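The following paragraphs lead the reader through the structure shown here.

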Amino acid sequence: MITALQLRAARAMLGIDQRQLAALAGVSLPTVQRMEAAPCAVHSVSGTLAKVVGALDTAGIELIGNDQPSRGRGRGVRLKAATDA
């Protein structure tokens with residue numbers, strides 16, 4: 001699962017805009033825009049989502065889910081778990 005926030009952060013880390021991500025993934029610009037507008041988890045046709053995730057992976061982005069360790073080395077971003085204050 002990928003969230004809209006992860007998708008936007010991944011793009012920011014790569015320094016690319018939505019149009020460039022769409023081109024890298026072979027999907028339409030409106031598709032990327034809809035994915036990034038999702039309230040939390042991105043819901044899309046699995047093949048389309050796989051294209052976007054694959055393009056990010058090829059570009060050097062590792063998507064990390066909750067409670068998952070990183071597979072490799074390098075820089076990254078992870079949100080801290082929410083605390084019950």
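The buried residues of helix α3 pack against α1, α2 and α4. Contact means heavy atoms within 4.5 Å. The structure is a predicted model, in which local features need pLDDT of at least 70 and side-chain atom pairs count only at pLDDT 80 or more, while totals for chains, interfaces and linings use all residues. Residues are numbered from 1 along each chain as its sequence is written, and side-chain values use heavy atoms, with hydrogens and water left out.

In overall terms, the protein chain has four helices and zero strands, arranged along the sequence in the pattern α-α-α-α. Helices (H or I, at least four residues) and strands (E, at least two) are DSSP runs, numbered from the N terminus. The chain has 85 residues, of which 27% count as buried. Among contacts with a separation of 6 or more, 55% are accounted for by residues 24 or more positions apart.

Which residues of α3 are buried? They are Leu29, Thr31, Val32, Met35 and Glu36. These residues lie on the same side of α3, because they cover an arc of only 160° around the axis; the arc is that of the directions from the helix axis to the C-beta atoms.

Arg11, found in α1, counts as buried because its relative accessibility is 14%. Glu36, found in α3, is likewise buried, with a relative accessible area of 6%. The side chains of Glu36 and Arg11 make a polar contact at 2.5 Å. A polar contact is a pair of N or O atoms within 3.5 Å; within protein, one must be able to donate a hydrogen and the other to accept it, and residues adjacent in sequence count only if both atoms are side-chain atoms. Leaving aside neighbours within four places in sequence, Glu36 is in contact with Ala4, Leu7, Arg8, Arg11 and Gln18. With residues up to four places away likewise not counted, Arg11 touches Ile16, Asp17, Gln18, Leu21 and Glu36.

The C-alpha atoms of Met13 and Gly60 are separated by 9.7 Å, although the two residues are 47 residues apart along the chain. Just after α1, Gly15 takes a positive phi of about 70°.

The remaining pair to consider is α2 (residues 18-25) and α4 (residues 46-58), whose axes come within 8 Å and cross at roughly 100°. The two helices are therefore roughly perpendicular to each other, a description that applies to angles of 65 to 115 degrees, with angles under 35 counting as roughly parallel, over 145 as roughly antiparallel and the rest as oblique. Leu21, Leu24 and Ala25 of α2 make the contact with Lys51, Val52, Ala55 and Leu56 of α4.

Terms used
Axes are lines fitted to C-alpha atoms, for helices over the stretch in contact, and angles run from 0 to 180 degrees between N-to-C directions. Buried means under 20% relative accessible area, exposed over 50%, partly exposed in between (1.4 Å probe, protein chains only).
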